[in-house]
Structures are given as structure tokens and as C-alpha cells.
Amino acid sequence: MASDTLAGLDALEFGVVPPQPDLRERTARGWAVVWPKLAAIALVWVIWELIHLTGWKKFVLPGPGVTLSNLWNQAQTGLLWHAIGITVLRALVGYAIALVIGTVVGLLVARIPPLRAAVGSLITGLQTLPSAAWIPFAIILFGLNNSAILFIIVMASAPAVANAVIAGVDNIPPLLLKSGKMIGLRGVGLTWHLIMPAALPAYMAGLKQAWAFTWHALLTAELLVLVAGEPSIGQLFAADQDQTDMPSTIAVMIVILILGILVDIFFSQANRRIRDRYGLSDAR
Amino acid sequence: MTTSVITETAAVNLAGVSKVYGQGRSAVQALDQVSLSTAPGEFVCIIGASGCGKSTLLSLVAGLDKPTSGDITVNGRVAFMFQEPGLFPWLSAGGNIELALRARKVPRSERRARTLELLDSVQLGGFAAKRPHELSGGMRQRVALARALAQDADVLLMDEPFGALDAMTRDVLHDELDRVRERVGKPLTILFVTHNVREAVRLGDRVVLLSSRPGRVIKEYPVPIERPRRIDSAPVAELAGTITDRLREEVSRHGK
């Protein structure tokens, strides 16, 4: 009897299954996401064009038409793609190194109180240090090469990663820790099976911030650490600046903007998946 | 000499346990000289108003906290069920139970079957793949119960485990708890904390009444009512009435 009641209560819990949206509904939803973006692009275009038409700084400020055809022409040459490839590769390698170092340091600092007292505030201090401050140090230490650039990236973003881990660990609900201890998790098992997955949502948010640090540091570094024989986005900038080539400069800025948006989409997706998995998203 | 005999046969034995939080002027005495002994397989309900240190008592027995003075002996493995399920949201219902088995070093080959068995024992056999947030409050507490059982515990501590559930679900889970206890295949001692007197009488072999600030054992009530019991039956209501009167007396002492 009791078990029937229980089965009934459970069934009521799962009674209503929302119908799957059909193709038309999905198209409508997609459009609802796309049109504001298109409208924003159109608006920027119009404002830019209007500024151009007023004739303000007209010898150096190109209109959107000239700039975009410049971008199109650059995209036909191998140089732009080569530069994008090298810059993105540096970003990924530097970010990966920062991830490993930041995560390990963050976990150690979060879990070992004396270590935290010793270097906890140092990590926050390092995070606020502008990445440009590392450039002279890196050039003297490594010379004008990739190692210097990677070093600058790591110094800029590893503290952010470490802070993300520390924040993630600090925000683990005490109840989960108690539960974990009661089922007998200790030491490495506790870290692997509880601390790390429990800290993941906050960690992911921090990783996005760490990526922003990586990207900022990389472009700063590339403008100043010119590595011979390796065209990069920063190097294109430097060349455009030397030749007062404004259309090319803005074209490269647009490339950077697009790359930034793509990465942001990636992080948003990853974040959403994790939040869905953890039951942190609002019911839709 | 009697104490040592009790200690050997008791599942849980508390002898003159006190707990003080903080120091000096701001010190708060949560428990004062609490002595309590439970026989193996006994179901003891602990009730009291707010501030009686019920939860502190369980934390001490669980070893999550240390008593300021007094001795606590626990024979066997301890599992703990909290008011909130405390399930790990990144694991499915089955995964949560499997992790408890893994922490106890149950071989991988046995874990799967044992997980399904445990889920079946709380009637959630079909829900192994669901995540905690997809389940109702009552279902989550049943997963938490299955996880506690996965620890193969001799002593189960329950801190108002049904406090956040609706009345109907709670009644059904009382029946479930009786059933699970019969089926567990060894004497399972339960220390069950609640502020619901009827629930205590419905479930317990014995009800222990604690005073508030500091928590002291005022009185113990054996519950000689035959099982299966119903929370709305006359004998349960009658004993609950007697205990409630005594509890109110104790609470009103603080208003004067």
C-alpha cells in the first residue's frame, strides 16, 4: 500500500513532459536571437558612415566601405591568416600553461591554510599587475622570442586561474563537504571526487576571465616583443602604425573583435552546459 | 562497572557529554552533561525546542566535532543523513551512491549491482540516471537514505531528514524507513533528531526529550506502541500529547 502511494507520488512528479518544439518554433526562436545582433551591426555601420560623412578627421578616418574592402583584400593574402594562426597558437599554448600552473597552485593554496596565509594575497596582487609590467623583465630574461611572449601570458593569466580555483573551493556548500566526509572521502579522493567537481562552476567563470587576461597580455606583448620571421596580429598592427595605414589598422581590430566573440561563444556554451548539468540554470 | 558493560553492548554511548562553543563571555553552552545509551538496533528519537543542541549532539556522535568534555563511544560504522539531501549535483542518483561504495573500497565489479539494489530498496530503481535537480525533494531524500545505507553503517544519524517535505510524502517515507530497517539485514541503530513530537512517537522505540540552552536530557519516554504504526492513530496522538505538554512546560520556562 505504502509503496503504491510512493510510486504514485513519484509518477505525479514526472507527469508533464513539455512537447518538443517543432521546426517552425525553433526557426522563430533562432530569429529572435539573431535579429538584434544584425540590427546592432547595422546601427554601428550607420553611425560610422555618418561620422565619416561629417568629414571629421577625414584624411585619416576611413569609412566602413573602404575598411571592409581592405579587410577583404587582406583576407585574400596568406599574411593575415598566417598572423592569425601564430597569434591564436601562442594564445592557446600560453593559456594552457597558465591553466595547469594556476590550477595546481590554486588547489594547493586553497587547501593548505599556511600556504594561503603566505601567498594568498600575493596572487591577487599579481593579478592586478598590468601585463606590460612583465615585458622588460621577459625581454631581458628570454630575448625577443616566443618564450618571452608565453612568459608574459602566463604571468598575466595564471593568477586569475589560481584565484578562480580558490574562489570555487571557498564557495563549496559546507553540507557537501560534510556529506563527503561522512561517506568516507579523504585526502586525494576528497579533492578529486568532491572539491574539484564542486568548484567547477566558479572555476569556469574564472577561466573566462583568465582568457581575457591572456588575450590582453598577448596583444600587448606582440606589439612590443617583435619576433623575427613570425608574423602575428601584433606585428601587423605595428607595421600598420608605422605606415599610418588606418584602414588596415581598423581591419585588424575587427579581426580581433571577431576572434574575441568566437571565444566568448565557446565559453558561454561550456558554462551553460555545466550549469545545466549541475541544475543551476533556471527552468525554461 | 555497569558503565563498562553498557559501553560494550551499546551501539552508541554518551557519558556526561558537554559542548561549549566559543570562549569567555561569548561562550555558549550547547550541551550539558548529556548521557545517553542506545542498544544495537534501537530507534531513538531526540526531540527538543530550538537551541537544545540536537544537531550538535549528532555532529559529536558523527565525529564532525569534538565534545568539550565527556566520552562518546560508537560501536561500528556511522552514516549521517541531513535535513537537506546533500547529494552531489554533478553525479546522477546512481553515481552518488556509487561514490559512497567507492569511498568504502567496494570493488568496481560489485558496485553497479549494489547501487541498483540500494536504489531499489528505496523504490527508485528506475531513476539511477536522473540528476538530483531532476528529482522531487522526497526522492532526493530517498537517494540520500540509499547513500547512507551504502556505507553499510551500524549507526544511522538522521537530522530532521523529513523536515522540509510535505506531510503526505513524509508519512509515506516513515513507512519506507520502517521497511528499509527491516530489510537491512542487521541491527541498524538510528538516532533521529526532530522537533515534530508526533513524528518522534510514530518512529521511535524511545523518545528522548532535551531541554533548551543548554541541552540536557529531561526525560525519556519508551514507546510501547505496536508496529506498524500510523502517525494519526490514537495511541501515537496520546503519547505525543503527553510529551508535547512536557516540552511546552520546558519552553515556557525561557519566557519568564
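Me: How many cavities of 30 Å³ or more does the structure hold?

Reply: This is a predicted model, and it holds 1 cavity of 30 Å³ or more. The largest cavity has a volume of about 60 Å³.

Me: What makes a space a cavity?

Reply: A 1.4 Å probe fits in a cavity but cannot get out. Rolling a probe the size of a water molecule over the atoms shows where empty space is left.

Me: Where is Arg147(B), and what surrounds its side chain?

Reply: Arg147(B) sits in helix H5 (residues 137-150) of chain B. A polar atom of its side chain lies 2.9 Å from the backbone oxygen of Gly86(B).

Me: How do you know that Arg147(B) has no salt bridge?

Reply: A salt bridge needs a side-chain nitrogen of Lys or Arg within 4 Å of a carboxyl oxygen of Asp or Glu. For the buried Arg147(B), the nearest side chain of opposite charge is Glu84(B), and that is 11 Å away.

Me: What makes Arg206(B) and Glu42(B) a salt bridge?

Reply: Their side chains meet at 2.8 Å, N to O, and the cut-off is 4 Å, so the pair qualifies. The two residues are 164 residues apart and link distant parts of the chain. Arg206(B) is in strand E8 (residues 206-210) of chain B, while Glu42(B) is in the loop between strand E2 (28-38) and strand E3 (43-47) of chain B.

Me: What does the pair Asp205(B) and Arg227(B) tie together?

Reply: Asp205(B) and Arg227(B) form a salt bridge at 2.8 Å, N to O. Asp205(B) is in the loop between helix H7 (197-203) and E8 of chain B, and Arg227(B) is in the loop between E9 and H8 of chain B, so the pair ties together parts that are 22 residues apart in sequence. Both residues belong to a network of salt bridges that also links Asp175(B), Asp178(B), Arg181(B) and Arg202(B).

Me: Why are Asp205(B) and Arg227(B) called partly exposed?

Reply: Partly exposed lies between the 20% limit for buried and the 50% limit for exposed. Asp205(B) has a relative accessible area of 26%, so it is partly exposed. Arg227(B), at 29%, therefore has that label as well.

Me: What is the peptide bond from Arg227(B) to Pro228(B)?

Reply: That bond is cis, with omega near -5°. Pro228(B) is in the loop between strand E9 (217-222) and helix H8 (234-253) of chain B.

Me: Why is Lys105(B) called exposed?

Reply: Exposed means over 50% relative accessible area. Lys105(B) is at 70%, so it counts as exposed. Lys105(B) also has a positive phi of about 65° although it is not a glycine. Its place is the loop between helix H3 (93-103) and helix H4 (108-121) of chain B.

Me: Which residues lie nearest the centre of the largest pocket?

Reply: They are Ile41(A), Ile254(A), Leu257(A), Ile258(A) and Ile261(A), out of 16 lining residues. The volume of this pocket is about 660 Å³. H11(A) gives the most to the lining, with 9 residues. By class, the lining has 15 nonpolar, no polar and 1 charged residues.

Note on methods: Residues are numbered from 1 along each chain as its sequence is written. Chains are lettered from A and ligands numbered from 1 in the order in which they are written. This is a predicted model: local features need pLDDT of at least 70, side-chain atom pairs count only at pLDDT 80 or more; totals for chains, interfaces and linings use all residues. Side-chain values use heavy atoms; hydrogens and water are left out. On a 1 Å grid over the protein atoms alone, a cavity is a set of points where a 1.4 Å probe fits but cannot get out, and a pocket is an open set with protein on both sides within 12 Å along at least five of seven lines; lining residues have an atom within 4 Å of a point. Grid points are joined across faces, edges and corners, and a volume is the space filled by probe spheres set on the points. Helices (H or I, at least four residues) and strands (E, at least two) are DSSP runs, numbered from the N terminus. Ala, Val, Leu, Ile, Met, Phe, Trp, Tyr, Cys and Pro count as nonpolar, Asp, Glu, Lys and Arg as charged, and the others, Gly among them, as polar. Buried means under 20% relative accessible area, exposed over 50%, partly exposed in between (1.4 Å probe, protein chains only). Lys and Arg count as positive and Asp and Glu as negative; His and the chain ends are not counted. A polar contact is a pair of N or O atoms within 3.5 Å; within protein, one must be able to donate a hydrogen and the other to accept it, and residues adjacent in sequence count only if both atoms are side-chain atoms.
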